Amino acid sequence: MRVKREIAADLVRNLLEEKGTPRSYALQQTDVLVEAELRGHPSHGLQRLPRILQRIGNGLIDPSTQGKSHWRTPSFLKVDGLRGLGPVVALQACTMLSERASSTGVAVAGIRNSNHLGMLAYYVEHLAKDGIIGIALSSSEALVHPYGGTTPLLGTNPLAIAVPTADRPLVVDLATSVVSMGKIHHHAANGCAIPKGWARDSDGEMTTDAAAAMNGSIAPFGDAKGYALGLALELLVASIAESSTAPDVRGTLDADAICNKGDVLIAIDAGKQPDLLACFSTYLDRIRKSRPAERTRPVTVPGDGTWSRRQQALCDGIEIPGRLWDELNALSRSNEALVKGHAQ
């Protein structure tokens with residue numbers, strides 16, 4: 001089924017507010033979830049909401065806090081999220097980093113004791129809007145097996161980078177695993193098989209069964225290269241955020257444990273040079289116009305597909321499984337008018 005962005009956002013916001021989330025914080029969490037849907041990343045979209053609501057109800061998320069932070073050095077921000085909503089804590093850190101980087105050139109935040117951020121691209125784009133280069137890193141539970149191994153010992157350890165240009169920023173957002181665990185959950189929830197090579201089951205055997213993969217391990221992308229990068233990011237985040245390493249991390253995929261993963265945000269003010277930004281835009285357009293390997297598939301740069309899907313979804317609505325839409329509506333006490341007449 002397809003649902004207009006505004007209707008989906010109203011439902012998400014209402015559900016968060018019913019759990020005691022202040023309006024401004026509910027809007028921030030809502031925007032992160034709905035943006036993921038618009039961009040074609042449902043694994044980081046509305047399917048995350050029931051767990052967020054459970055975690056609030058179980059006292060594992062305090063929806064009323066931005067966390068507390070202090071500048072340990074002129075350019076290093078130490079953040080205790082105080083169990084706040086991930087987007088609320090991270091966006092507050094982004095604002096502080098952007099302001100500080102304008103004078104220090106580079107500013108870094110290490111965030112602990114927060115909750116799942118969702119799509120990392122959201123935060124680096126937030127920085128890029130101010131003409132700031134943004135880098136975001138995050139850790140997770142042990143979900144990925146080492147190259148040549150079968151036991152989950154690393155997180156998916158995503159990385160996002162946004163570099164401003166004269167037009168849209170270049171945005172890269174990827175996990176160091178072949179796929180996110182959220183995407184495997186999405187396949188399992190919809191009864192779909194996963195591609196061969198994505199994951200192993202709990203016995204260490206390759207599987208295409210999404211439910212079996214949820215209890216097994218995900219492969220690192222690019223074999224040894226993805227494994228090496230993922231492991232380096234694992235230790236980098238734990239060092240800066242003073243957070244746990246993957247085997248001891250809990251709280252991003254359950255509603256029972258305090259979230260103890262780490263997040264790192266980096267803001268770099270390169271001086272907002274108009275000529276250089278224009279040069280970047282020209283360079284990216286040159287790549288797009290280069291000769292494709294297949295005539296029917298033009299060359300793109302990272303972020304083009306996401307932008308195109310977002311524009312289409314704004315016109316046509318967000319495609320949401322009927323089961324999930326019904327589940328969300330059943331959770332709300334005040335949404336009957338939203339349920340009927342608005343889903344197309």
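Helix α4 (residues 86-104) comprises 19 residues and spans 26 Å from its first C-alpha to its last, close to the 27 Å expected at 1.5 Å a residue. The expected span is 1.5 Å times one less than the number of residues. Helices (H or I, at least four residues) and strands (E, at least two) are DSSP runs numbered from the N terminus. This is a predicted model, in which local features need pLDDT of at least 70 and side-chain atom pairs count only at pLDDT 80 or more, whereas totals for chains, interfaces and linings use all residues. Residues are numbered from 1 along each chain as its sequence is written, and side-chain values use heavy atoms, with hydrogens and water left out.

The buried residues of α4 include Val88, Leu91, Met96 and Leu97. Buried denotes under 20% relative accessible area, exposed over 50%, and partly exposed in between (1.4 Å probe, protein chains only). Among the elements covering these buried residues are α2 (23-38), β4 (106-112) and α5 (121-128), where contact means heavy atoms within 4.5 Å. Just after α4, Gly105 adopts a positive phi of about 90°.

Asp167 is located in the loop between β6 (159-163) and β7 and is exposed, with a relative accessible area of 54%. Its C-alpha lies 6.4 Å from that of Ser281, although the two are 114 residues apart in sequence. Their side chains are joined by a polar contact of 3.0 Å (a pair of N or O atoms within 3.5 Å; within protein, one must be able to donate a hydrogen and the other to accept it, and residues adjacent in sequence count only if both atoms are side-chain atoms).

The model contains 16 salt bridges, each defined as a side-chain nitrogen of Lys or Arg within 4 Å of a carboxyl oxygen of Asp or Glu. Three of them are listed below.

| Salt bridge | Closest N and O atoms |
|---|---|
| Arg2 and Glu319 | 3.2 Å |
| Arg5 and Asp31 | 3.0 Å |
| Asp269 and Lys272 | 3.0 Å |

Arg2 is partly exposed at 33% relative accessibility, whereas Glu319 is exposed at 55%. Arg5 lies in helix α1 (residues 5-18) and Asp31 in helix α2, so this pair ties together parts 26 residues apart in sequence. Asp269 is buried, with a relative accessible area of 17%, while Lys272 is partly exposed at 38%. Salt bridges with shared partners also join Asp10, Arg13, Glu17 and Arg23 into one network.
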